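Take a look at it first, and then we'll go through some of its details together.

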Number of protein chains: 2
Amino acid sequence: MARAAAVPQPVVVVGAGMVGSSVGCALTEAGFRVHLEDAVPTHAQVAASLGAGVAEPADPDAVGLVVVAVPPRLLADVVADALQRFPRAVVTDVGSVKSRPLAELERRGVDLGRYVGSHPMAGSHRAGPVAADPFLFLDRTWVVCEHPSARPEAVAAVEALVQACRARLVRMDPVEHDAAVARVSHLPHLVSSLVAGGLTDLPPEHLALAGQGVRDVTRIAGGDPRLWEQIVGMNADVISVELQSLQRRLERLREAVESGPEALVAWLEQGREGTRRIPGKHGGAHTEWSRLVVEIPDAPNALGRLFTDIGDAGLNVEDITIEHDPTRRVGYLSLDVEAEVQPTLAALLSDAGWSVEPATD
Amino acid sequence: MARAAAVPQPVVVVGAGMVGSSVGCALTEAGFRVHLEDAVPTHAQVAASLGAGVAEPADPDAVGLVVVAVPPRLLADVVADALQRFPRAVVTDVGSVKSRPLAELERRGVDLGRYVGSHPMAGSHRAGPVAADPFLFLDRTWVVCEHPSARPEAVAAVEALVQACRARLVRMDPVEHDAAVARVSHLPHLVSSLVAGGLTDLPPEHLALAGQGVRDVTRIAGGDPRLWEQIVGMNADVISVELQSLQRRLERLREAVESGPEALVAWLEQGREGTRRIPGKHGGAHTEWSRLVVEIPDAPNALGRLFTDIGDAGLNVEDITIEHDPTRRVGYLSLDVEAEVQPTLAALLSDAGWSVEPATD
């Protein structure tokens, strides 16, 4: 990677909520000067007291970068205002939807050479400046949405911001961004809310049967309705089409449930395949697992000894399955371990006298 | 609670998968004799080596309780077989659906006086006997489904099993059970799969934007399609009706998205309300939070001192929000703390010189 460009400073963060304050903390920690603004002055003061910068006005002509972190509905107004108030500054925002605010700014005839929108894919169930976290963006995806009028130095400044916050830069066109977040963020939120809303007319005895599954599926439905209404509303055109597609797929699911095993298994397989496509938590690839097969002889306490030897190896075993050979009185233990430690475990078990082979499938 | 009735022993567990082996471990730990059976003998041996009992046949005439822990499709066959093989034993099962296996047994004319179905609401993403866990059921709901032909002593034996596994007993009619799990378990699973399946045609660049939300919503879609096909298939009548209702609600959601803020906020509020109805993780009530409001005077570093004093109190603060008084130069810090510690924190902060009051809302 090329040497990181510097963030043009001082930086002004407009909106000292959780995301804005966290940007302030991350930039302050990286050595940049940050000024905090909020419609509620106490919020800026709290953010400042937590290390997000200073709650004092910056010299407008000196400001190098403005980060607008306000609710979606206010984005176009606040960005336009920032471009006017800070005549030399590059202006970005951290809103969840990118096309409509850009279109609104274009409609107003604002010169957008110094504006480049962006979107850090990081959140928290907490809100407000007291949830400020300098590591919120660490290794998270942060999308930068270039547009045709943006000047190259403005794009570079926003990309430098992403690097300073130690996030992973992804470049994407605003329209494509909104299509992607509709599917991986907005639709999951609405569906979570759909399931959760279906719990409201259940008697408490039925809710007592709730396990971890429904808790996971409905967790994000606990988010702030007024914030999510704005996000969904800003991306309503895309989401409306997605919901129609969801309706058609739900109809196919109902047919599968009514038509029997094969159709339903195929449908569920597709869901499982979808879960496998999601990259690792912090954007990395899924861990690569490698399988090792150990023969379990027909001897007293063979399994007990084998478990002891595996435990002694002290390596992270993700999964263990047992197979048996119907033609001989032996069984096989399959161990799924991280690909890189597989040779080590194989050697340790071989040394301990076990018959070990890599899996063939 | 009355003194726990004894589990009639020895116990036979048929099916040494994750749930069956865990029942074996919990009962063994509670001092009961357990025999393990599995169509794959190695599975029973693995379970035995992990403390779930012995992998040897029991004297059929002596067996007091049989726990059938096999896939849903095999339930009726294996329960009927167990009633015949163990002529004095009470027989239960741990299947996820209760009406259809019972109806199937009735259809075959099996005498069901010694059979009482049950369903522990506990699972794991792991499968097989190596996932055996004696604490799997600790404080989890375990539904016992009495039916008109069941003898009282059979019901008592299954309830004793629930107590021995340290689960929370819930009594429910089989039809009501299936209606409840359709809504709190089966439908969430299918919807999770619906969202996950929608990810399969996304390009990797779009999937790179996936955050924690979509991961949570789709986690359970990673479950075994062949197991879930059986569960859903067994409860297809109820689920089909639920899916129709979901289709109607999805249609209303689409209308809300297209019609503007108020309808969508109301819809999202209903979802949030649903998340609040789910009882605490282990079946307990949600923690009751109580709010405390502290005045922040307009003095240097007032917030810093306040955060220090709150930290010194060493109490668990769930959330902190800032409000301000537009008419005066003061702010307010709202602290959400467990209701029972609220008076303590209020006293500590008062003593430290802060102006403290309980919240009025």
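What follows is a short tour of how the chains relate, some aromatic rings and a few backbone details.

## Two copies and an axis

Keep in mind that this is a predicted model. Let's start with the big picture. In general, two copies of a chain are related by a rotation about an axis and a shift along it.

## Aromatic pairs

Now for some rings. How many aromatic pairs are there over all chains? The count comes to two. One of them joins A:F137 and A:W142, with 5.0 Å from centre to centre and 45 degrees between the planes. Why is this pair called tilted? Planes under 30 degrees apart would count as stacked and over 60 as edge-to-face, so a pair at 45 degrees is tilted.

Are these two residues buried or exposed? A:F137 has a relative accessible area of 1%, so it counts as buried, and A:W142 is buried too, at 0%. The cut-off for buried is under 20%.

In chain B, B:F137 and B:W142 form a tilted pair, again with 5.0 Å between centres and 45 degrees between planes. Both B:F137 and B:W142 are buried.

## Backbone details

Time to look at the backbone. Most residues other than glycine have a negative phi, and most peptide bonds are trans. With that in mind, a few spots are worth a look.

Where does a cis peptide bond turn up in chain A? You'll find it between A:Q9 and A:P10, where omega is about 0 degrees. A:P10 sits in the segment before β1 (11–14) of chain A. In chain B, the bond from B:Q9 to B:P10 is cis, with omega near 0 degrees, and B:P10 lies in the segment before β1 (11–14) of that chain.

Then there's phi. A:R166 isn't a glycine, yet its phi is positive, near 60 degrees.

Definitions and conventions
Residues numbered from 1 in each chain as written. Chains lettered and ligands numbered in written order. Predicted model: local features only at pLDDT ≥ 70, side-chain atom pairs only at ≥ 80, totals over all residues. Heavy atoms only, no water. Phe/Tyr/Trp six-rings, centres within 6.5 Å; stacked < 30°, edge-to-face > 60°. Buried < 20%, exposed > 50% of the residue type's maximum accessible area, 1.4 Å probe, protein only. Helix = DSSP H or I, 4+ residues; strand = E, 2+ residues; numbered from the N terminus.
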